[in-house]
Amino acid sequence: MTRTFFVGGNWKMNGSQAFCESMVQTFSGQATDNVEVVVGAPSVYIPYLAQNLRKDWAVAAQNCHQLDSGAYTGELSAEMLLDVGAKWVILGHSERRAIFKESDELIAQKTKKALSKGLKVVFCCGELLEEREAGQTQQVVNRQLNAIVQTISPEDWQNVVIAYEPVWAIGTGKVATPEQAQEVHAEIRNYLTTNVSEAVSANTRIIYGGSVNPENCAEIGKKTDVDGFLVGGASLKPSFVTICNATA
Ligand SMILES: O=C[C@H](O)COP(=O)(O)O
């Protein structure tokens, strides 16, 4: 099966209503063929973007709660996000892991809940610089993957995209080389073969994130096991479209 190239923008805690309006205009009508594009916006802007963003692109949230509803001040459920037009949610981002102390198990619970409600998941994993330098990259990524492999069902994988994001490359301008990205992506695919199934391994998109920009995206995107990108800073610019078309 061919894996459709996938490009996600992660706006993080950036933007405004005026920014959303201008991005909707900027992106409208620009060709992005043979690629699935998803924009991860702050939750308050999801309803506007779901209504107004070009219809061949989807909107993602950047987090959701692991339970259905209740006394959890400030939290948002998967159902609420779906209700206002999100189709995807980004889970397990390193900023959620590091700053908000989200554990592998919590992220797995969130992933399970989101999928059970019909929200698709961009699941993020990746190592810290000291973990890479200690030769622990694969061990860390496998540990992060283990949690969701043990929590979701094999059928769920058709609604999951894995984003490999080495933490040392996020927002630093230090992009992984195409070879470094390919090496870890291939290991993730092997891991899926061994721990889930041959079919899930062959069909799951594994995308790269970490200082991707219009200049470096084409080279990374050429690698066999790189099926797209999760883009932070560069998704806030009109040239995000260039990254969407990296393999065009
Ligand atoms: O989710 C996106 C990643 O954190 C990458 O961010 P960046 O492109 O600004 O390095």
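Start with the whole protein and colour it by pLDDT (the predictor's confidence in each residue, from 0 to 100): the average is 97, and 100% of the residues score at least 70. What you have open is a predicted model, in which local features need pLDDT of at least 70, side-chain atom pairs count only at pLDDT 80 or more, and totals for chains, interfaces and linings use all residues. Residue numbers run from 1 along each chain as its sequence is written. For the complex, the predictor gives an ipTM of 0.99 and a pTM of 0.97.

**The overall view**

Switch to cartoon. Along the principal axes, the C-alpha atoms fill a box of roughly 45 × 45 × 35 Å.

**Into the core**

Buried residues make up 42% of the 248. A residue is buried if 20 or more other C-beta atoms lie within 10 Å of its own, exposed if 12 or fewer, and partly exposed in between, with C-beta atoms placed from the backbone. Now select Ala60, Val89 and Val122: of the 69 residues in the largest nonpolar core, these touch the most other members. Such a core is a set of buried Ala, Val, Leu, Ile, Met, Phe, Trp, Tyr and Cys residues joined through C-beta atoms within 7 Å.

Stay on Val89. Leaving aside neighbours within four places in sequence, its contacts (C-beta atoms, placed from the backbone, within 7 Å) include Ala60, Cys64, Leu119 and Val121.

Hop to Val121 next, in strand β5 (residues 120-125). Is Val121 buried or exposed? Val121 is buried, because 29 other C-beta atoms lie within 10 Å. Beyond four places in sequence, its contacts include Val89, Leu91, Asn159 and Val160.

Then look at Met80 in helix α3 (residues 78-83). Met80 is partly exposed, with 18 other C-beta atoms within 10 Å. From Met80 to Cys64 is 16 residues in sequence and 9.2 Å in space, C-alpha to C-alpha.

Select Lys101, in the loop between α4 (94-99) and α5 (104-117). Lys101 is not a glycine, yet has a positive phi of about 55°. Lys101 counts as exposed because 8 other C-beta atoms lie within 10 Å.

Ser211 sits in the loop between β7 (206-209) and α10 (217-221). Its phi is also positive, near 60°, in a residue other than glycine. With 21 C-beta neighbours inside 10 Å, Ser211 is buried.

**Last stop: the ligand**

Which residues are the closest to the ligand? Of the 14 around it, pick Asn10, Ile170, Gly209, Gly232 and Gly233; a residue is near a molecule if its C-beta atom, placed from the backbone, lies within 6 Å of it. The shell divides into 5 nonpolar, 8 polar and 1 charged. Here Ala, Val, Leu, Ile, Met, Phe, Trp, Tyr, Cys and Pro count as nonpolar, Asp, Glu, Lys and Arg as charged, and the others, Gly among them, as polar.

Methods. Contact = placed C-beta atoms within 7 Å. Helix = DSSP H or I, 4+ residues; strand = E, 2+ residues; numbered from the N terminus.
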